[in-house]
Amino acid sequence: MEQHRLSKGPLLGPDGNLLEAGYASSLVKDYDRNAIKAKKSRIKEWDYYYIGNKRFGLALTIADNSYMAMASVSVLNFEGIPSCLTKSPMQWFTFGKLGLPSSSDKGETRIEGKGYTLSFMVEGNKRRIRAEMADFGKKGEFFHCDIVLTPTLEDTMVIATPFEKKGHFYYNQKMNCLKAIGYARVGEKTYDLGEDTYAVLDWGRGVWTYKNTWYWASMSAELDGKPFGFNLGYGFGDTSKASENMVFFEGKAYKLTDVRMDIPISPSGSDDFMSPWKFRSSSGDIDMDFVPVYRRHSDTNALVMRSNQNQVFGLYSGTIVVEGKEIAFKDLPGFAEKVFNRW
């Protein structure tokens, strides 16, 4: 596949369709919610941060999916018997009232309600993540975090993907290898973010079709004392102009073509998410194993709406080849997921 690099300019034309499909290393296209011509109920906007290391992880989401908005916090423990605490209060029929910023480079993404406040603020070149949530895990137990994220790379993964249905598209940025400092607290337990803690931002704006499945894998860590990570994914939309596969190594972003995530199949014929996965590509530039540590599963099924999410956290080992150079790594923390939505 010959991958098309996006040029600067507006994202959408007068008809509400993408002016250009492809990829970039920054948000070169200008997103304007008011330029969308599709039904307002189809607009999906979200900011998702995952912050983690081998010991624990934090996942925070602010989403405005038009007919509903969500504030979600998850705290994952990977040591001993792995576990997860999640709370995701919702607000109904927001239709953009949260006012999520049109760019990831400035402004505040914020949501608040009874017993919770989440704020993602861009302050210069840093990002400050603050959240409070009452009755988290146990009644009377309080969640609080104050985290600062600093980019270690100039490049990010950006992709503009059309769907077959006119007026439908997804504009997405993945910002890997954000260095994290700060803390999170659940009740009396404090999680201090050490030198080995990195984050990824998933910034998404678009008009989605009703039914879709995506596969996404992400890793942000250190290799030989330097930031190293990747973003891999597929499963929805027309990706003939570009894939979202990119590796970040020695301060640069390198574009990859295809990837396949081989999820083992159980004897019953269903996905066996907790057995080792295999990642590979037709060109041979990706050859990785993924050993799961913990699976976070939720299946919300409400008549016409359903979200079946399988997010698996674990350790990556293998090789990725960029410009003829083989990068070898072992037991680096990240996650991979398969998500089905009818929304």
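A salt bridge here is a side-chain nitrogen of Lys or Arg within 4 Å of a carboxyl oxygen of Asp or Glu. By that rule, a search of the whole structure turns up 15 salt bridges. Welcome to this predicted model!

- Strand β4 covers residues 43-52, and ten of its ten residues are buried.
- Ile 43, Glu 45, Asp 47, Tyr 49 and Ile 51 point one way from β4, while Lys 44, Trp 46, Tyr 48, Tyr 50 and Gly 52 point the other way. Residues of both sets are buried.
- One partner of β4 is strand β16 (residues 198-207), which runs antiparallel to β4 and is joined to it by ten bridges. Within this pairing, Ile 43 stands opposite Val 207 of β16.
- Strand β5 (residues 56-64) also runs antiparallel to β4, with eight bridges between them.
- Between β4 and β5 the chain makes a hairpin through three residues.

**Charged pairs**

- Side chains of opposite charge can pair when their charged atoms come close.
- Arg 33 and Glu 45 form a salt bridge, and their closest N and O atoms are 2.9 Å apart. This pair links distant parts of the chain: Arg 33 lies in the loop between β3 (29-30) and β4, whereas Glu 45 is in strand β4, twelve residues apart. Both Arg 33 and Glu 45 are buried.
- Lys 325 forms a salt bridge with Glu 250, with the closest N and O atoms 3.7 Å apart. Here too distant parts of the chain are linked, since Lys 325 belongs to strand β25 (residues 325-342) and Glu 250 to the loop between β19 (246-249) and β20 (252-255), 75 residues apart.
- Buried means under 20% relative accessible area and exposed means over 50%, with partly exposed in between. Lys 325 has a relative accessible area of 42%, so Lys 325 is partly exposed. Glu 250 also counts as partly exposed, because its relative accessibility is 43%.
- Asp 299 forms a salt bridge with Arg 306, and the closest N and O atoms are 2.7 Å apart. Asp 299 counts as partly exposed because its relative accessibility is 36%; Arg 306 is partly exposed as well, with a relative accessible area of 24%.

**A loop residue: Thr 94**

- Thr 94 sits in the loop between β8 (90-92) and β9 (108-113).
- With a relative accessible area of 5%, Thr 94 is buried.
- Leaving aside residues up to four places away in sequence, Thr 94 touches Asp 64, Ser 66, Tyr 67, Met 68 and Ala 69.

**The open sheet of nine strands**

- Nine strands form an open sheet with antiparallel pairing, in the order β20-β19-β18-β17-β25-β24-β23-β22-β21.
- β20 and β21 (260-262) stand at the edges: each has a single partner strand, so one side of each is left without a neighbour in the sheet.
- On average, neighbouring strands of this sheet are turned by 20 degrees against each other, direction ignored.
- Strand β17 (residues 211-223) pairs with strand β18 (residues 226-234) over nine bridges in the antiparallel sense. Leu 223 has Lys 226 in β18 as its bridge partner.

Methods: Residues are numbered from 1 along each chain as its sequence is written. This is a predicted model: local features need pLDDT of at least 70, side-chain atom pairs count only at pLDDT 80 or more; totals for chains, interfaces and linings use all residues. Side-chain values use heavy atoms; hydrogens and water are left out. Buried means under 20% relative accessible area, exposed over 50%, partly exposed in between (1.4 Å probe, protein chains only). Helices (H or I, at least four residues) and strands (E, at least two) are DSSP runs, numbered from the N terminus. Two strands pair if DSSP finds at least two bridges between them. Contact means heavy atoms within 4.5 Å. Axes are lines fitted to C-alpha atoms, for helices over the stretch in contact, and angles run from 0 to 180 degrees between N-to-C directions.
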